[in-house]
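Please keep the sequence and the model in view while reading the points below.

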Amino acid sequence: MMKYAGRIQLRDRGQTCQRVGKRQVRKLSCKVSRHLIEKRLSIDFEHLKLTPDYVYFAAPSAFEEMSVAYDDSIGVEVSSDSFWEVGNYKRTVKRIDDGHRLCTDLMNCLHERARIEKAYAQQLTEWARRWRQLVEKGPQYGTVEKAWTAVMSEAERVSELHLEVKASLMNEDFEKIKNWQKEAFHKQMMGSFKETKEAEDGFRKAQKPWAKKLKEVEAAKKAHHAACKEEKLAISREANSKADPSLNPEQLKKLQDKVEKCKQDVLKTKEKYEKSLKELDQGTPQYMENMEQVFEQCQQFEEKRLRFFREVLLEVQKHLDLSNVAGYKTIYRDLEQSIRAADAVEDLRWFRANHGPGMAMNWPQFEEWSADLNRTLTRREKKKATDGVTLTGINQTGDQSLPNKPSSVSSYEKTQSYPTDWSDDESNNPFSSTDANGDSNPFDEDTTSGTEVRVRALYDYEGQEHDELSFKAGDELTKMEDEDEQGWCKGRLDNGQVGLYPANYVEAIQ
């Protein structure tokens, strides 16, 4: 009988066992009474109330022949997790396989980061393209518009840098790990690595002699403990026989001889146990030296992998750290300069000169009749006139933009247009009616010229003159002529009205 960790276990030579609960004894199939169990096995059932586990006992068919079995490990320290224990070197061997898997994991890590860098660069580029178009077509003007578009330029330049990061991660770091893994680990036909097999064989060879002696020690220990147990049992029988008057002297002599023989067996097994243990101790230094040698080889292999990983990760850090890239700092220095260059006063001055009271004006003056003035000018002929026209001694200049302002920056120059000269004289007014009913349209004469294209309005527009169209964002109309040099197109609404409209206020319907 053996008690351990709150559990009682009785071996019954292979007989089927049943469980006894914590607080009650379940009846066996043969209905053995609790009294019989207590009498034959001397089980303390009160102890079960304090036991958190179960009790196992033999089926009653084995009670007559059952002998109590002892666990050989009783009194011996349980095998530790030490490296020196037999077979515990496998963790060191497994580390080699783990090194190969870690190389693959690191490659997957960098591959995923490269995909993120590429996706981010594409998003930046798309964002910059879309908003650059919106800003250019929108009502913002002047230096503030230039500063705004500089933000999109920053995104485009940063996008290029992130594409370079992606290329560095894949073309340099990823390939470097892949090549090192291929050179460091050599696959065998059976699927394992050559380095793993070499380490496994080395440890097994170093441990085999010592493991053999350890097995002999365990066998000697087991034999010695069995002899001690037998001696104790013989002494107990001899002591009980002295109190039994029914035994004859011959029987007592046999019991005494048995005790003497058991004592001799104990001495012999002890001597053999001590001898095998001494041989094991003598072989331990050599065992430790051989194991250390194989272990150091594994350490050197692992050291190469660790140093390589450190080197690669430093390279990855350099590729990811854009702050060390000279062009990266230049991007934001240029962006700051563009934003700081925005000048509200200058923009207001430009707007006043081009679209406000600062614009030149041909104020009405008395004009003598002339045959040339009797001709009605078409709007197209007016557009072909020079920017500077002197009618009353005033040099009228239509373009008074800022000296550093490119023509493509100001959306107001593209979306707004005002007549540079006009007269309330009907003979000089290209929009004056020549029809008695006053409802003629100056564009009726060439409404069929050019290729017509359907377009959709991007913004609301309210015609400033009667020859201009008015529409809301989302309205569809027909473009009758291409954009002229001043950014105006001729078109027709669905209700048939024909007129001019700003070209960048619409987009073609795909």
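How are helix 4 and helix 5 oriented to each other, roughly parallel or roughly antiparallel? The first point takes up this question; the model under discussion is a predicted one.

1. Helix 4 and helix 5 pack with their axes 7 Å apart and at an angle of about 165 degrees. Angles over 145 degrees count as roughly antiparallel, and helix 4 and helix 5 are therefore roughly antiparallel to each other. In passing helix 5, helix 4 makes a left-handed crossing. The contact of helix 4 with helix 5 comprises 26 nonpolar, ten polar and 14 charged residues.

2. The crossing in which helix 2 passes helix 3 is left-handed. In the contact of helix 2 with helix 3 there are 24 nonpolar residues, ten polar residues and ten charged residues.

3. Which residues have the most contacts inside the largest nonpolar core? They are Ile-177, Phe-185, Phe-203 and Met-291, and the core itself has 45 residues. At least two residues of this core come from each of helix 2 (90-137), helix 3 (142-184), helix 4 (194-242) and helix 5 (249-320). Apart from this core lies another one, of 14 residues, which includes Val-455, Cys-489, Leu-493 and Tyr-501.

4. With neighbours within four places in sequence left aside, Ile-177 is in contact with Cys-103, Leu-106, Met-107, Leu-110, Phe-308 and Val-312. The student may wish to find each of these residues in the model.

5. Is Val-316 buried or exposed? Val-316 lies in helix 5 and has a relative accessible area of 9%. Buried means under 20% relative accessible area, so Val-316 is buried. Residues up to four places away in sequence are not counted in what follows: Val-316 touches Leu-110, Leu-169 and Asp-173.

6. Val-316 and Val-165 are 151 residues apart along the chain, while their C-alpha atoms are separated by 9.2 Å.

Notes:
Residues are numbered from 1 along each chain as its sequence is written. This is a predicted model: local features need pLDDT of at least 70, side-chain atom pairs count only at pLDDT 80 or more; totals for chains, interfaces and linings use all residues. Side-chain values use heavy atoms; hydrogens and water are left out. A nonpolar core is a set of buried Ala, Val, Leu, Ile, Met, Phe, Trp, Tyr and Cys residues joined through side-chain atoms within 4.5 Å. Buried means under 20% relative accessible area, exposed over 50%, partly exposed in between (1.4 Å probe, protein chains only). Helices (H or I, at least four residues) and strands (E, at least two) are DSSP runs, numbered from the N terminus. Contact means heavy atoms within 4.5 Å. A crossing is left-handed if the near helix is turned anticlockwise from the far one by less than a right angle, and right-handed if clockwise. Ala, Val, Leu, Ile, Met, Phe, Trp, Tyr, Cys and Pro count as nonpolar, Asp, Glu, Lys and Arg as charged, and the others, Gly among them, as polar. Axes are lines fitted to C-alpha atoms, for helices over the stretch in contact, and angles run from 0 to 180 degrees between N-to-C directions. Angles under 35 degrees count as roughly parallel, over 145 as roughly antiparallel, 65 to 115 as roughly perpendicular and the rest as oblique.
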